[in-house]
Amino acid sequence: MILDNRYAGLEWAGTRTEPDPLKAPRLLLVNYDLAGELGISLDDRQWRDITSGERLLPDMTPFAQVYAGHQFGGFSPRLGDGRALLLGEVVTPGGERWDLHLKGAGKTPYSRFGDGRAVLRSSLREYLASEALHHLAIPTTRALCLVGSDEPVYREQVEAGAALLRAAPSHLRFGHFEYFYYSSQSERIPELLDYLIDTQWPDLKQQPQDYGALFDRVVTRTAGLIAQWQAVGFCHGVMNTDNMSMLGLTLDYGPYGFLDAYDPGHICNHSDPAGRYAYDQQPAVGLWNLQRLAQALSGHIELDVLQQSLGKYEHKLLTTYSELMRQKLGLEQWHEGDPALFRDMFSLMSEHNVDYTCWFRRLALLEAEGELPPSLAALLPEPAAWQDWFARYRARLAQEERTFAERRTAMDAVNPKYVLRNHLAQNAIERAERGDMAEADILLQLLARPFDEQPGFDAYAEPAPEWAASLCISCSS
Ligand code: AMP
Ligand code: MG
């Protein structure tokens, strides 16, 4: 493994901090496929020892990054890696650079009142969700290794301590730039932007002094990411600017959730009673967050350039989202009445609490005429209420050139059968807490091929059971 730790060389950008090892660590999961892609080859003992914080490889220089952030609208001037460490930057066989980031590694100068730890529950939730999003082709940080331990960690109750080794091309957040802006160290901002360009976007070097192209890329990627979240029914839960990735990755999984029954105002985070980060707020929050980033960069990019890029956000998000929705409904063409068809579908889904994921997947089974397929009808408490909508949809499909069989194949390739519903994650967590990783392994297999039929596992592709509604997913992690 080749490590080149440039970030740790930016001494002003954080603090060298040694990990505080977890007691009695147990290796729970290793993502050997990803490790292979990154050119990392370790034995299981090394995986366990590195992820538990017991051991560092010779070239690792553990470093806690400093950043700030707007949290639920209010500005926190100094956050930073309070329980995570950048261990190093791997240069992959393909010449890419990836951060190795260890979460739950103990206290750092940025821990504030926290204990520097992560619990098994939230670490496994992050592992599962980041892999699920990756296989749904949604940009995200990745999970490399999970260890558990007997170390007690105090949250609402005592839980088992754990640590997650994650990887991403960069963990730079909007909040990094806010930190330097609001602490009157604006001169550091170009240095950090140059780091991002050098390590991730060398093509932007051709436009020296022009950080405008960089900001434009962040806007485009953020808009594209959020369009994908909306289309798949993913709620992030804590879209604070310190959880917003400069690369447009899904970052920092906390109280996230996939929609079960379609509810546009769904709030996945029980610590967000006002619904600031509700499902239907995510697009607007993305823009608000980009405006905060624009402010932080305003000393280095012309105002009209920033505004021009911000002005592209809505268009990019809406065109991406509409395109994804068109594909989800199995349409190849655009017709004038389509927006109304989509709108009416969503209002019926919301009125009748139709399961979001199952709806699109099972809609693919609809034939040109005849009864509704039984699995689709099973989602609709009052099928009669849908009669008119199905007639319109069938009429619309008749205008397409594809056959119904071709349409079904195309829909199955974009509408996942398996998503990480909270109750599925919860079952895997409860078993992992008893030392049994079998359920987590099953989920990882299903979620690695979310669009494929996987015989024998249909129970994992059903709407959530009643008890799932009482699951309380809070910020505490
Ligand atoms: P999060 O809500 O996980 O995105 O974290 C927000 C901030 O709090 C970040 O600076 C984290 O590093 C820090 N933080 C969260 N949990 C802990 C913890 N248990 N110990 C120390 N810092 C933490
Ligand atoms: Mg965070």
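Predicted model: local features only at pLDDT ≥ 70, side-chain atom pairs only at ≥ 80, totals over all residues.
**Entry 1: helix α14**

I began at the end of α14, which is followed by Gly435, a residue whose phi is positive, near 90°; helices here are DSSP runs of H or I with at least four residues, strands are runs of E with at least two, and both are numbered from the N terminus. Residues are numbered from 1 along each chain as its sequence is written, chains are lettered from A and ligands numbered from 1 in the order in which they are written, and side-chain values use heavy atoms, with hydrogens and water left out.

I then looked up the span of α14, residues 422–433, and found that its 12 residues reach 16 Å from the first C-alpha to the last, close to the 16 Å expected at 1.5 Å a residue (the expected span being 1.5 Å times one less than the number of residues). Its buried residues (under 20% relative accessible area, with exposed over 50% and partly exposed in between, for a 1.4 Å probe and protein chains only) include Asn422, His423, Leu424 and Ile429. Among the elements that cover them are α3 (120–135), β13 (257–258) and α15 (438–448), where contact means heavy atoms within 4.5 Å.

**Entry 2: domain 1 against domain 2**

I took the division of the chain into domain 1 (2–172), domain 2 (176–323) and domain 3 (337–412), with bounds that come from an automatic or database domain assignment. The C-alpha centres of domain 1 and domain 2 lie 22 Å apart, and their contact takes 39 residues from domain 1 and 43 residues from domain 2.

I recorded about 3600 Å² buried between these two domains, 63% of it on carbon and sulfur atoms (the accessible area, 1.4 Å probe, that two parts lose on being put together, summed over both). On the domain 1 side, Trp12, Phe72 and Leu172 lose the most area to domain 2, together 24% of what that side buries.

I also found a count of two salt bridges between domain 1 and domain 2, a salt bridge being a side-chain nitrogen of Lys or Arg within 4 Å of a carboxyl oxygen of Asp or Glu.

**Entry 3: Glu332**

I placed Glu332 in the loop between α8 (303–328) and α9 (338–351), and it counts as partly exposed because its relative accessibility is 42%. Leaving aside neighbours within four places in sequence, I find Glu332 in contact with Arg326, Glu400 and Arg402.
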